[in-house]
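Below are my notes on the model, point by point.

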Amino acid sequence: GIILTHCHADHDAGAFQKVLTGSPVVVITTPTIYKSFIRKYAALASLSPSLLRHSHRYKPAIIGEPLRFQGATFHFTYSLHAIPCVGFKVEWRGRSMVFTGDHMNKPDELDRLQTEGVLSKARADDLRNLPLQETDLLLHEAGAPPIHTPLEVLMKLPPHIKKRLYVVHTSNIPEEYDLRVAPTGTA
């Protein structure tokens, strides 16, 4: 299966290529992101949306409801990004992993957006309380603000969290930072 976090090309182009191969594939994402994916790639490839929808199976990820797939349990949440984007926690055989998805995790900015009424208290609290501490492996994105998490925020995480943390969506971490880039490929 493919988990589609959002419809920026650096995250969804491979998903589009995979569904076109004809091999059986399941696309997992929220209904909002899925509709965006179909609309975007149907237009780009001059395909009918109906034809594109029939090239794969779709398994909707519903925020707040556990999703079972291949023996694992997924919990999805919307992150804070320029377009709808999800992160998730997956649990399998007593182990867990969190992938934040593209996310602006900057506490002072979340406070400002709540104060200005852009975010409700409930939404801001949801973003502040991502399950970063209760996981065996944390894959947290970092990148250029304002739509990504600055490395400085990750540097402030407690050591017991940084021990399980790998940074994704960036390849250049200054040497003075006590952070690790996630390895690529499969070993």
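1. Strand β6 (residues 86-92) and strand β7 (residues 95-99) are antiparallel and joined by 5 bridges. Strands here, like helices, are DSSP runs numbered from the N terminus (strands E, at least two residues; helices H or I, at least four), and two strands pair if DSSP finds at least two bridges between them. The two strands make a hairpin with 2 residues between them, and Arg 93 in the turn has a positive phi of about 50°.

2. On provenance: this is a predicted model, in which local features need pLDDT of at least 70 and side-chain atom pairs count only at pLDDT 80 or more, while totals for chains, interfaces and linings use all residues. Residues are numbered from 1 along each chain as its sequence is written, and side-chain values use heavy atoms, with hydrogens and water left out.

3. Strand β5 (residues 72-78) pairs with β6 in the antiparallel sense over 6 bridges. β7 in turn runs parallel to strand β8 (residues 137-141), with 3 bridges joining them. Strands of a sheet pair through backbone hydrogen bonds, either parallel or antiparallel.

4. A row of residues can be followed across these strands. His 75 has Lys 89 in β6 as its bridge partner. Lys 89 has Val 98 in β7 as its bridge partner. Val 98 stands opposite Leu 138 in β8.

5. What is the order of the strands in the open sheet? The order is β4-β5-β6-β7-β8-β9, giving an open sheet of 6 strands with mixed pairing. β4 (67-69) and β9 stand at the edges with a single partner strand each, so one side of each has no neighbour in the sheet. From one strand to the next the twist averages 20°.

6. Helix α1 (residues 9-20) and helix α2 (residues 31-45) have axes that come within 11 Å and cross at roughly 70°. Axes are lines fitted to C-alpha atoms, for helices over the stretch in contact, and angles run from 0 to 180 degrees between N-to-C directions. α1 and α2 are therefore roughly perpendicular to each other; the classes are roughly parallel under 35 degrees, roughly antiparallel over 145, roughly perpendicular from 65 to 115, and oblique for the rest.

7. In the contact of these helices (heavy atoms within 4.5 Å), α1 contributes Ala 9, Asp 12, Ala 13, Ala 15 and Phe 16, and α2 contributes Phe 37, Lys 40, Tyr 41 and Ala 45. By class, the contact of α1 with α2 has 7 nonpolar, no polar and 2 charged residues. For these classes, Ala, Val, Leu, Ile, Met, Phe, Trp, Tyr, Cys and Pro count as nonpolar, Asp, Glu, Lys and Arg as charged, and the others, Gly among them, as polar.

8. α4 and α5 pack at about 170° with their axes 9 Å apart, and the two helices are therefore roughly antiparallel. Leu 110, Asp 111 and Gln 114 of α4 make the contact with Lys 121, Ala 124, Leu 127 and Arg 128 of α5. The classes in the contact of α4 with α5 are 3 nonpolar, 1 polar and 3 charged residues.

9. How many salt bridges are there? The count is 9 salt bridges, each being a side-chain nitrogen of Lys or Arg within 4 Å of a carboxyl oxygen of Asp or Glu. One of them joins Arg 112 and Glu 109 at 2.3 Å, N to O. The two residues are 3 residues apart in helix α4 (residues 107-115), so about one helical turn separates them. Arg 112 is partly exposed at 35% relative accessibility, and Glu 109 is partly exposed at 21%. The cut-offs are buried under 20% relative accessible area, exposed over 50%, and partly exposed in between (1.4 Å probe, protein chains only).

10. Asp 125 and Lys 121 form a salt bridge at 2.6 Å, N to O. Both sit in helix α5 (residues 121-128), 4 residues apart, so about one helical turn separates them. Asp 125 is partly exposed at 23%, whereas Lys 121 is exposed at 52%.

11. Lys 162 and Asp 178 form a salt bridge at 4.0 Å, N to O. Lys 162 lies in helix α7 (residues 159-162) and Asp 178 in the segment after β9 (165-168), so the pair ties together parts that are 16 residues apart in sequence. Is Lys 162 buried or exposed? Lys 162 is buried at 14% relative accessible area, while Asp 178 is exposed at 55%. Elsewhere, salt bridges that share partners join Asp 111, Lys 121, Asp 125 and Arg 128 into one network.
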